[in-house]
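Please look through the sequence and the model below before reading on. The briefing that follows takes up one residue at the start and then moves out to the rest of the chain.

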Amino acid sequence: MTKKCIYCKADITDDRSLDVCNQCGVGVWGQKMFNAILQNMENAKDNGDLCNSTVSSNEQPPAKLGNSRISFM
Ligand SMILES: [Zn+2]
């Protein structure tokens with residue numbers, strides 16, 4: 001089962017969960033970010049929830065402030 005890089009179509013020989021080769025990954029995200037993404041993919045694979053893994057992190061919306069003070073008398 002050979003995967004190909006989605007950017008340069010190079011064969012990806014290892015069993016990573018990301019269809020991007022090292023060269024393109026670093027080119028797109030930078031070395032540090034790419035390493036973090038690969039690490040995330042590995043963790044997701046270990047946890048068995050691969051279909052739930054996305055590159056973007058799910059951020060909490062900021063809590064609303066100031067609703068408790070409607071009138072000030
Ligand atoms: Zn590539």
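W29 is partly exposed, because 16 other C-beta atoms lie within 10 Å of its own; by the rule used here, a residue is buried with 20 or more other C-beta atoms within 10 Å, exposed with 12 or fewer, and partly exposed in between, the C-beta atoms being placed from the backbone. This is a predicted model, in which local features need pLDDT of at least 70 and side-chain atom pairs count only at pLDDT 80 or more, while totals for chains, interfaces and linings use all residues. Residues are numbered from 1 along each chain as its sequence is written.

- W29 is found in helix α1, where helices (H or I, at least four residues) and strands (E, at least two) are DSSP runs numbered from the N terminus.
- Not counting residues up to four places away in sequence, W29 touches F34 and I37, a contact being a pair of residues whose C-beta atoms, placed from the backbone, lie within 7 Å.
- Helix α1 (residues 22-29) packs against helix α2 (residues 31-47) at an angle of about 120°, and their axes are 7 Å apart; axes are lines fitted to C-alpha atoms, for helices over the stretch in contact, and angles run from 0 to 180 degrees between N-to-C directions.
- On the α1 side, G25, V26 and W29 meet Q31, M33, F34 and I37 of α2.
- By class, this contact of α1 with α2 has five nonpolar, two polar and no charged residues, where Ala, Val, Leu, Ile, Met, Phe, Trp, Tyr, Cys and Pro count as nonpolar, Asp, Glu, Lys and Arg as charged, and the others, Gly among them, as polar.
- The 17 residues of α2 should span 24 Å at 1.5 Å a residue, and this agrees with its end C-alpha atoms, which are 24 Å apart; the expected span is 1.5 Å times one less than the number of residues.
- After α2 comes G48, whose phi is positive, near 80°.

**The strands and the loops**

- I12 is found in strand β2 (residues 11-12), and I12 is partly exposed because 16 other C-beta atoms lie within 10 Å.
- Leaving aside its neighbours within four places in sequence, I12 is in contact with K3, K4, C5, D19 and C21.
- V20 has its place in the loop between β2 and α1, and V20 is buried because 23 other C-beta atoms lie within 10 Å.
- Residues up to four places away in sequence aside, V20 touches C5, I6, Y7 and G25.
- V20 and K3 are 17 residues apart in sequence, and their C-alpha atoms are 9.0 Å apart in space.
- K9 lies in the loop between β1 (3-4) and β2, and K9 is exposed, since 9 other C-beta atoms lie within 10 Å.
- The phi of K9 is near 65°, a positive value in a residue other than glycine. Most residues other than glycine have a negative phi.

**The chain as a whole**

- The secondary structure of the chain comes to two helices and two strands, and from the N terminus on the elements run β-β-α-α.
- Of the 73 residues in the chain, buried residues make up 4%.
- The chain averages a pLDDT of 79, and 64% of the residues score at least 70; pLDDT is the predictor's confidence in each residue, from 0 to 100.
- Among the elements of the chain, α1 has the highest mean pLDDT (96) and α2 the lowest (90).

Terms used
Contact = placed C-beta atoms within 7 Å.
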